[in-house]
Amino acid sequence: MWEEWPVPQRILVVLAHPDDPEFFCGATIARWTAAGHQVVYWLLTCGDKGGNDLTISPGELCGARFEEQRLAAQVLGVHEVNFLNYPDGHLVPDLTLRCDVTRLIRKERPDILVTCDPRTLFFGEYRINHPDHRAAGQAVLDAVFPAAGNPYYFPELLDEGLQPHTPREVWFSLTLDANVQLDVTDLWETKIRALTEHKSQIGDPAKLAERMRSRHTSDSSPENPRYEEAFRRIILT
Ligand SMILES: [Zn+2]
């Protein structure tokens with residue numbers, strides 16, 4: 001399991017929007033940085049459609065969300081936050097995005113790659129997954145295999161000096177088909193603190209905290225709440 005990984009591992013998180021890492025797997029990220037691993041984010045959009053207030057321009061929202069994401073990542077001990085600047089809501093898992101993600105993988109050369117499960121269409125009866133999330137997960141999956149590790153794919157990347165690289169493991173968050181459930185009870189409040197930095201997204205911070213605290217496992221009791229984050233973990237080498 002992850003506790004046996006040599007320290008430090010290079011962990012690359014590729015997701016669609018600012019706040020996705022914290023919502024999907026923020027407590028796990030905090031656990032990994034505390035253990036001495038190096039975590040780098042690449043977010044594919046700046047979340048410039050994350051709101052309904054037309055008095056704020058997409059550019060202004062983008063700027064605010066860059067800053068919120070930096071502060072949230074700081075709470076989790078993340079080493080670097082980067083953006084690819086695709087327009088929010090326009091992600092499609094085409095060959096352009098696949099090439100861009102392949103470039104990231106070859107540049108960052110992660111041991112562990114974290115994204116989200118592209119198979120998740122909806123949650124229960126009330127929530128539909130954002131198409132950008134599915135597109136991001138699909139683009140990462142398709143880039144990992146076979147493009148990132150095969151020099152015949154996207155030869156222009158070799159011209160950029162980027163040699164093939166395959167991560168050892170891929171962890172898909174936001175999954176309905178988990179094969180790993182990490183107990184993150186001790187880091188749940190850290191996750192909530194990080195989420196609270198996404199001020200433009202969360203509304204009343206007290207309500208958010210209450211909502212997040214209600215997401216305990218079914219075997220929790222009021223005196224001893226327990227929290228988990230779930231992943232589909234794929235081991236490649
Ligand atoms: Zn999102």
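Leu-174 counts as buried, with 26 C-beta neighbours inside 10 Å, where a residue is called buried if 20 or more other C-beta atoms lie within 10 Å of its own, exposed if 12 or fewer, and partly exposed in between, the C-beta atoms being placed from the backbone. The model is predicted, so that local features need pLDDT of at least 70 and side-chain atom pairs count only at pLDDT 80 or more, while totals for chains, interfaces and linings use all residues. Residues are numbered from 1 along each chain as its sequence is written.

**Backbone geometry**

Most residues other than glycine have a negative phi, and most peptide bonds are trans. Leu-174, which is not a glycine, has a positive phi of about 50°, and this residue lies in the loop between β7 (169-173) and β8 (180-183); helices (H or I, at least four residues) and strands (E, at least two) are DSSP runs, numbered from the N terminus. Asp-19, also not a glycine, is found in the loop between β1 and α1 (20-34), and Asp-19 is buried, with 24 other C-beta atoms within 10 Å.

| Item | Angle | Value |
|---|---|---|
| Leu-174 | phi | about 50° |
| Asp-19 | phi | about 85° |
| Val-7 to Pro-8, cis | omega | about -5° |
| Phe-145 to Pro-146, cis | omega | near 0° |

In helix α6 (residues 188-196), the buried residues are Trp-188, Thr-190, Lys-191, Ile-192, Ala-194 and Leu-195. The elements that cover these buried residues include α1, α2 (58-76), α7 (199-202) and α8 (205-213).

**The chain as a whole**

The chain has eight helices and nine strands. Its radius of gyration, taken over C-alpha atoms, is 17 Å, close to the 18 Å that the globule rule gives for 237 residues, so the chain is as compact as a globular protein of that length; the globule rule is 2.2 Å times the number of residues to the power 0.38. Along its principal axes, the C-alpha trace spans about 55 × 50 × 35 Å, and 43% of the 237 residues count as buried. Of the contacts in the chain with a separation of 6 or more, 78% are accounted for by residues 24 or more positions apart, two residues being in contact if their C-beta atoms, placed from the backbone, lie within 7 Å.
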